[in-house]
Every structure is written in C-alpha cells, then in structure tokens.
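The following questions and answers examine a predicted model. Each answer reasons towards the value or name requested.

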Amino acid sequence: MIYDLIRYQFDDKTSLKRENVLLVSLGCSWGKCAFCDYQDDKSSSVLACDAVNKKVLAQVRGKEIGCTCLDVTCSASYTELPFSTMNYIRNTCVEKGIKTVILEGHYIYRDCNPFYVDFFESRGIDVLFRCGVETFDENIREKILNKGLPNVTPQQIAEHYQWINLMFGMEGQTFSQLKADLEIGSKFFKRINLSIYTTVPGGPARDEAAIKDFYSSELYKELLANPNIDIFDEWDEENTHNVGHDK
Ligand code: SF4
C-alpha cells in the first residue's frame, strides 16, 4: 500500500545542497534485507505510482532555490520505479534546472546503469548511483542483514556506484567495524550516507549504548566536519544531533 509519508525535503545542511524526493515504486524484488521496513510503500499500479510521484516531483524547485541536485529514493531500487515516473523525473530536472540526479538501488541492478546514464545525459543531466551496502563486514551483511551482496568486493561495487549507504547501531556491530567501514568507504567512494540504525519489527535490535558512545566520540565530530559524509538518524526525534531528515 502507499503510505502517507513526508516525500519531499530540501536538505541544505549538507555540503551538497539537494532536494530529496521519496517516490512510490512497483515494489522491491529483493525484499529480504532484515532492517528494511519501508518496502511495503509500493503499488503494483503504474498509474497509482505515477499519481503520487507527479505530485511529489511538482514540489521540486531547483534553480528557484539555487539547487541543482535531485536525490531520488523509493521503497525499492531505481529500476523498480515505473518508466513513466523516470520520464517525469527527467522532465522535472529539465524544467527546474537540475544538473545532477542521484539514483539509489541494489547492486543486482548494476548492469542497467548505463541505460540510465544515457537516458539522463541526452538532456544534459549527470547521474550518480548510490548503492546500499550497510557494512563491508561480510558476515554481518550477508548472514544477519541478508543484503544480497555475497562475495562482492568494494572495488566491484565502485565500478558501478559512486556513493554508498552504510549503517551503524545494531547489536553485533562494533566501533572498530564502523571505523573500518568508513575507511573502506572513503577510499573507494565519493560520498557516504551513514544511517544510524532504527529498530524494525523482526529485525536486529538497536544498540543504544553503542549509539550513545558514537555521538560522544571524536569520530562523530570528525564525521560532522567531513563534507563527503552525511549522517541520518530518524530515531533522533528531538534532532539534538542536528542530523538526518527529521526536522
Ligand atoms: S533492497 Fe532496499 S528496499 Fe529492498 S529489502 Fe533491501 S533495503 Fe529494502
């Protein structure tokens, strides 16, 4: 079903000012990630997806607010948005002066990327691809998170994706592992989205102590000063850390 969600946000806190849209997809074909509770926001009807997505895209302001970057996420991968929605995205970019579009998705769709590059480049728009990795710890990523990237190396991901998502704060993750993930991520990718884990039904537990330690660490201060890393924490309802999309 299609949920009632905040689907447009202008993020001007980050070093790369961008408009974020959360669109409705036809559904995630992978659908196995243990931490994912957003894949139910979908419809099998292209018309229903497009009806919502057009309204969301109508909120994009682009050059009116000095923004030339559009970050597109959905409850699945970019390949699982209706093609008609992809066309609306491109039209919006042209009309609003958006020069870079970010598409997020699963590694299994990597071979489709050149198609999207051609599709947007034909209107002078660059595409950056972001891959959900969560951690480079293969054991956690595949055995606990069911991410679906078995034996895939950072180098292989970097051949197709310029940005990645990492996640920290679930039971079993350690501080040293977070540091290792950030080191690998910074070495192979242009930008990292670090999400602080939010508990989902049936998923791993949130490690409150580890998250508290993280927020009081020197590492956290360093990350805040790093222009290539964005931190998101939906749980942080008071937004005391001034991160994420909740305010
Ligand atoms: S690929 Fe993305 S949408 Fe699909 S289950 Fe995993 S996190 Fe959720």
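Q: Which residues touch the most other members of the largest nonpolar core?
A: This core of the predicted model comprises 51 residues. A second, separate core of 9 residues includes Cys33, Met167, Met170 and Val200. In the largest core, the members that touch the most others are Leu70, Ile89, Val101, Leu103, Ile157 and Phe214.

Q: Which residues are in contact with Leu103, leaving aside its neighbours within four places in sequence?
A: Leu103 is among the residues that touch the most other members of the largest nonpolar core. Once its neighbours within four places in sequence are set aside, its contacts are Val72, Tyr78, Met86, Tyr116, Phe120, Val127, Leu128, Phe129 and Arg130.

Q: How do the residues of the shell around the ligand divide into nonpolar, polar and charged?
A: The ligand sits in the largest pocket. It is surrounded by 13 residues, of which Cys28, Cys33, Cys36, Tyr38 and Ser75 are the closest. The shell divides into 7 nonpolar, 4 polar and 2 charged residues.

Q: Does Glu134 count as buried or exposed?
A: Glu134 is found in strand S5, which spans residues 126–134. Its phi is near 75°, a positive value in a residue other than glycine, whereas most residues other than glycine have a negative phi. The relative accessibility of Glu134 is 5%, and buried means under 20%, so this residue counts as buried.

Q: What is the relative accessible area of Asn146?
A: Asn146 is found in the loop between helix H4 (138–144) and helix H5 (154–158). Phi of Asn146 is also positive, near 55°. The residue is partly exposed, and its relative accessible area is 33%.

Notes:
Residues are numbered from 1 along each chain as its sequence is written. This is a predicted model: local features need pLDDT of at least 70, side-chain atom pairs count only at pLDDT 80 or more; totals for chains, interfaces and linings use all residues. Side-chain values use heavy atoms; hydrogens and water are left out. A residue is near a molecule or strand if one of its heavy atoms lies within 4 Å of it. On a 1 Å grid over the protein atoms alone, a cavity is a set of points where a 1.4 Å probe fits but cannot get out, and a pocket is an open set with protein on both sides within 12 Å along at least five of seven lines; lining residues have an atom within 4 Å of a point. A molecule sits in a cavity or pocket if more than half of its atoms lie within 2 Å of its grid points. Ala, Val, Leu, Ile, Met, Phe, Trp, Tyr, Cys and Pro count as nonpolar, Asp, Glu, Lys and Arg as charged, and the others, Gly among them, as polar. A nonpolar core is a set of buried Ala, Val, Leu, Ile, Met, Phe, Trp, Tyr and Cys residues joined through side-chain atoms within 4.5 Å. Buried means under 20% relative accessible area, exposed over 50%, partly exposed in between (1.4 Å probe, protein chains only). Contact means heavy atoms within 4.5 Å. Helices (H or I, at least four residues) and strands (E, at least two) are DSSP runs, numbered from the N terminus.
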